[in-house]
Amino acid sequence: MTNMKKQHLIFLKQFSLYLLVVLLLSCKDKVTVRPNFIIIFDDQHNSKFMGWTGQGEGIKTPNMDRLSAEGIAFTNAYTSSPVCAPARHSVYTGQYASRHGVILNDRPLADDVPTMMELLAESGYTTANVGKMHFAPYNERHGFQYVLNHEFFDNNAGISHFRPWLDREAKKIGLQADRYPQWNQSSPPEKWTSDVKSLSFVHDIPIELTSEHWVTDNSIAFIEDQLKQRPDQPFFLHASYFAPHHPYGVVEEFDTYKPEDMRIPPSWTEEKADDFGKGKHSHDHSSLLKEDYQKIKATYFGFISQLDYEMGRLLDYIDSNDELARNTIIVFISDHGDRMGEHGMLYKGGKGAMLEGSVGIPFILKWPGETPRIEKTPVSLIDIVPTFLNAAGIKPESDLPGIDLKTLVQSNDTENSWQDRTVISEWLEPLPFRYIMARKGKHKFVADNSKGMFPELQYELYDMEADTWEMDNLAYQPGYETLVKEFEKTVLAHYSKQKEFLPAKMTPAVPRSIWDIQFPFKPWEKTKALK
């Protein structure tokens, strides 16, 4: 054999080996390399109030704006139910509240409904929570392996790893922890919901001692530990902040918005505000004045900007590690909105309703490699489970009602998706339901059973492009009869499908407890109740 033939054979062998390595690496990327998932979850965030939306009224949210520029920012995103626990359990299960069973706060998850965390953990993911989960009982985990919990309230009204940490850290600098906030969380003033100073205040502690800072620090600490101790194992992190939920408490450096600059929503009227003040949500049957509302709104804006700063710290950490950033899917969402004065409503009137301020939510999806854009197709919290499970290579339950958002992200036909997709939101208390909302295209429809006269219902229909403040109900106006009938059919079909899962009567609340939380924390072990 000539030297030339030998060299040719050697080259062919080397080239074949090279192709084999490339093929194996390609298969590895497609089959075994699974993305990390991070949900950045805030609480009670009106979807208008971010800088990038163009409706933020001067609010400063540079990190939310940055995330929207790097991802797919959805302008018509909705909660599955406009109250905390029902919405959060839809994120965890991919099911509506009517199916997963958490119709109100402090209700347990149905035994036969698996969670995304359980499925991810079973397939090799490390699953972690830092912050609010809102399970019942509060120490339940539902598939989270690593848990540092903070449910806002003090130990005898919730569960908090943050609170004992705050006690210790505040003592180091000579502060009493009961100054967070300015009234005791476990025993607030009787009339705090109608007291502006209780609803809206400036913290007298540094930002480093806030729960938002604590969530960011511990989220970063978890990721660092994961990359060091379990480098070949993908993870799911649930970084869940209390802000900007009421009471609206902001640190001094973010208390920069002036009450007199806060706009009054065009749907606000003194009559509506007075009716609300005299209703069941007020302790002393008084209404908040416009000046009170502006003070609260200014603090709310500061609270959002403070949260934005903490989100930025977490995003900066992720971006500082190229490999982590390339292989991590990030979703930023809220559980529901805050009407923040729309139609005269504040406090509990800010949620539990189907008007946009309550049912609309922030929703930004950052998917490495996908082209950023603003997307108007309606999406829902129920879409997160099928999206994450498909990305992880896990076959979702066949009855999941949501969609895999990657199909929408990669679609070249988003105009049809915009026109064809319908999303639903439920508010089920009192049974069988109070409201069911449907959003399709530019129209939003609400079936109102608040008077408990089902199957006789009141209807609302809004053109969300022409009437963003929902002040012109089209449901009973000439020319909309066919559209109302179509929406009515959609809503009643949803109810007919879901009603078999509804209980005959409201499930009792799970009693709250006091928890055995001691230093050093043991986030890999389930917290025990003391009583």
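Modeller: Beyond its neighbours within four places in sequence, Ala 110 is in contact with Arg 99 and His 100. Contact here means heavy atoms within 4.5 Å. This is a predicted model, where local features need pLDDT of at least 70, side-chain atom pairs count only at pLDDT 80 or more, and totals for chains, interfaces and linings use all residues. Residues are numbered from 1 along each chain as its sequence is written, and side-chain values use heavy atoms, with hydrogens and water left out.

Ala 110 lies in the loop between helix H4 (97-100) and helix H5 (116-122). Helices (H or I, at least four residues) and strands (E, at least two) are DSSP runs, numbered from the N terminus. Ala 97 is 13 residues from Ala 110 in sequence. In space, the two are 9.9 Å apart, C-alpha to C-alpha.

Is Ala 110 buried, partly exposed or exposed? Ala 110 counts as partly exposed because its relative accessibility is 23%. Buried means under 20% relative accessible area, exposed over 50%, and partly exposed in between (1.4 Å probe, protein chains only).

Now the wider setting. The protein has 531 residues, and 56% of them count as buried. Its secondary structure comes to 16 helices and 16 strands. Take the contacts between residues at least 6 apart in sequence: 69% of these join residues at least 24 apart.

Another loop residue is Asp 255, placed between strand S8 (248-250) and helix H9 (270-277). Asp 255 has 34% relative accessibility, so this residue counts as partly exposed.
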